[in-house]
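Keep the sequence and the 3D structure side by side as you read.

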Amino acid sequence: MDPLDPSHSLAHVLRSQHLTPDSQGADVVQVVKDISGLFASSATTPYLSLRARMQHFRREQLDVELSARRTLGRIRCMRKAIYILPIDLLVAAHWATRSLNVEASRRYMEYRGVPRSVYEPLARHILELLKGRELTAIDIRHALRTSLDVPAVLNFMCDQGLLIRTGLEHGSPDLNFCYALFSDYFPRVRLEPMGEREAAMHIVRQYLRSFGPATEEDIAWWSGLGEVSAHIALQHMRGEVIRVKIANHLGDFLMLQTEAEVCRRAPALPKPLVSLLPSHDPYLLGYKDRGRYIDA
């Protein structure tokens, strides 16, 4: 293929991210999927990210999908950060990043003074305590009458898929999550074991829909899989992914084959566009090297 025009590439990504007037979304779940999830390691970022991508967005729209309809969930996944994801992507992201996150949270839990021998009986008590209800870390610690680092234990249990972070504590401006049993909160969702390679391919495929064209380094960084695992996933996607050039930019870029012609035909933006985005917006976190999209 001839090199892509940089203005067409930029316009294509902005439309994929619902950041142009003609691509504003109407459905919260679809927008969240299209942008590969909402970064949620901050209380306000998810709402502001959706506000930039949807006309007439109201805070309650996200709350309803998270708490009432439960079409979205919060898990720790890419780069060990908390994301809000649609259920199908949540399951894949869990298995793609599980081994990395579980090992990190286990080490942190032990560093905080909770060895495996102490964790196992404590976890059984927490599972029993949370049956049919949601509690904060403070509630759980008080109920168990323990001085141990309960948040570290809860992180480890969430990373294993035993618990899920539900809503934020009422009126709290910080990340004071409530916790529930995953099986209670998502009774129809089965975290059936998925091979890491298959799961990695799933999230890489969605990433390229949301952010392509991108480099292999971008994929490895965004996913948190690292260069080797990302490369292996891409090797198994050779029939789906093509390499392209972008005029005035060095190196190869990757796209889904189905997206390449769409990108080439994407009209350039008719006029300068301003998007008001929160820090850690998905668009800003999509690339290891942001120089192609954001002036230094």
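The largest cavity holds about 60 Å³ of space. A cavity here is a set of points on a 1 Å grid over the protein atoms alone, where a 1.4 Å probe fits but cannot get out. Its volume is the space filled by probe spheres set on those points, with points joined across faces, edges and corners. Lining residues have an atom within 4 Å of a point. Of the 12 residues that line the largest cavity, A43, P46, Y47, R74 and I84 are the closest to its centre. Two elements, α3 (45–51) and α4 (59–68), each give two or more residues to this lining. Helices such as these are DSSP runs of H or I with at least four residues, strands are runs of E with at least two, and both are numbered from the N terminus. By class, the lining has 10 nonpolar, 1 polar and 1 charged residues. Nonpolar covers Ala, Val, Leu, Ile, Met, Phe, Trp, Tyr, Cys and Pro; charged covers Asp, Glu, Lys and Arg; the others, Gly among them, are polar. In total, the structure has 4 cavities of 30 Å³ or more.

A note on the source: this is a predicted model, where local features need pLDDT of at least 70, side-chain atom pairs count only at pLDDT 80 or more, and totals for chains, interfaces and linings use all residues. Residues are numbered from 1 along each chain as its sequence is written, and side-chain values use heavy atoms, leaving out hydrogens and water.

Now turn to the charges. A salt bridge is a side-chain nitrogen of Lys or Arg within 4 Å of a carboxyl oxygen of Asp or Glu. The whole structure has 19 of them.

Start with R243 and E216, whose closest N and O atoms are 3.5 Å apart. R243 sits in strand β7 (residues 241–244) and E216 in helix α11 (residues 216–223), so this pair ties together parts that are 27 residues apart in sequence.

R265 and E261 form a salt bridge at 3.8 Å, N to O. Both lie in helix α13 (residues 257–265), 4 residues apart, or about one turn. R265 is exposed, at 58% relative accessible area, while E261 is partly exposed, at 39%. Buried means under 20%, exposed over 50%, and partly exposed in between, with a 1.4 Å probe and protein chains only.

Salt bridges that share partners also join E103, R106, R107 and E110 into one network. Within it, E110 and R106 meet at 3.0 Å, N to O. Why can they meet? They are 4 residues apart in helix α5 (residues 87–111), so about one helical turn separates them. E110 is partly exposed, at 35%.

Key:
On a 1 Å grid over the protein atoms alone, a cavity is a set of points where a 1.4 Å probe fits but cannot get out, and a pocket is an open set with protein on both sides within 12 Å along at least five of seven lines; lining residues have an atom within 4 Å of a point.
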